[in-house]
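Visitor: Please show me the model, and then let us go through the terms used to describe it, one by one.

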Amino acid sequence: MLQVKNVTKTYGKLKAVNDLSFEVNEGEIFGLLGLNGAGKTTMFRMIMGLLDQDKGDIILDGKKIDYNITDKIGFLTEERSLLTKMTVYDQVVYYGILKSMKELDIEKKLDYWLNKFSIKDYKYTKIKELSKGNQQKIQFITAIIHEPKLLILDEPFSGLDPLNVELFKKVILDFKKKGSIIIFSSHRMEHVELFCEKLVILVKGKSVIQGYLKDIKNNYQKRKIIVRASLNKEKVKKLDGVLDVELVGNEYVIDVKENKYIENIITNLVDYPNLTKLVVEEASLNEIFIAKVGAEYEK
């Protein structure tokens, strides 16, 4: 288990992380989210032992994180951290040795991952000669080559086409099944919804939303009703709880203020002619993120 307990980190007068706490169990994928400058990178660096927190504790498997256990951690950074004049082989061996691996073991695992990602012909190619997508694959390999207990993924799908995004997803889920603790960060909320059971959203270093994704979505009362029918748009707008009605393609999207209004609105919709679709949808994580983070910045 990874435990972050009341962690604070300041730079001068700036609180980059402000009394943050969360736990991630083995086999869980945890979302650490926020706008640029929210404190995510600072938190990552403290988890990896690269920065010391001012207050609080960061504990992995019952032990404070220091250089004795950083070999258990893998990190895929948002920024490219590859040495572009090195070959793929030399780069991965370099990272593997930093994680206390033997070169023969590194090469064996490297061959496996190069084949897995369909880039086995690039083993002795210089990093700078690879496409951005293939560089991302190599960066991912450096993060997982030692089969980390704790895997931190910051924008892991950057530069990837849809097919390779799916391949990365499968690998990440395989690590989850094996019991790895995974922290996932992305500005693409649809990716977060696919992976994360729990999450925290940071604004200026402080948690503004935290918990299980299903509970966060359930507690956010706004809903959408998707309708395909011959509606009287202006009449529907006047119903209690309706915030807006918009025609999108051949369907109406009805924004509803709170869940309690849904039953009455549906009762008024079912008698409209040509009704072929009526679906109630929870707010997406993207909507919740925009609403909550935007409100915090307006304070």
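Visitor: Which residues form one aromatic cluster?

Guide: The cluster is formed by Tyr 112, Trp 113, Phe 117, Phe 140, Phe 168 and Phe 175. This is a predicted model, in which local features need pLDDT of at least 70 and side-chain atom pairs count only at pLDDT 80 or more, while totals for chains, interfaces and linings use all residues. Residues are numbered from 1 along each chain as its sequence is written, and side-chain values use heavy atoms, with hydrogens and water left out.

Visitor: Why is the pair of Trp 113 and Phe 117 called stacked?

Guide: Rings of Phe, Tyr and Trp (its six-membered ring) pair if their centres lie within 6.5 Å, and planes under 30 degrees apart count as stacked, over 60 as edge-to-face and the rest as tilted. The centres of Trp 113 and Phe 117 are 5.7 Å apart and their planes stand at 25°, so the pair is stacked. The structure holds 13 aromatic pairs.

Visitor: What makes the pair of Phe 117 and Phe 140 tilted?

Guide: For Phe 117 and Phe 140 the distance is 6.0 Å centre to centre and the angle between the planes is 35°, and the pair is tilted. Phe 117 lies in the loop between helix 3 (103-116) and helix 4 (132-144), whereas Phe 140 lies in helix 4, 23 residues apart, and the pair links distant parts of the chain. Helices (H or I, at least four residues) and strands (E, at least two) are DSSP runs, numbered from the N terminus.

Visitor: Why does Trp 113 count as buried?

Guide: Buried means under 20% relative accessible area, exposed over 50%, and partly exposed in between (1.4 Å probe, protein chains only). Trp 113 has 10% relative accessibility and therefore counts as buried; Phe 117, with a relative accessible area of 1%, is buried as well.

Visitor: How do you know that Lys 178 lies over the face of Phe 175?

Guide: A charge sits over a ring if NZ of Lys or CZ of Arg is within 6 Å of the ring centre and within 35 degrees of the ring normal. Lys 178 lies over the face of Phe 175 at 5.6 Å from the ring centre, and Lys 214 lies over the face of Tyr 212 at 5.5 Å.

Visitor: What makes strand 6 and strand 10 stand at the edges?

Guide: Two strands pair if DSSP finds at least two bridges between them. The open sheet has 6 strands in the order 6-7-8-3-9-10, with mixed pairing. Strand 6 (73-76) and strand 10 (206-212) each have a single partner strand, so one side of each is left without a neighbour in the sheet.
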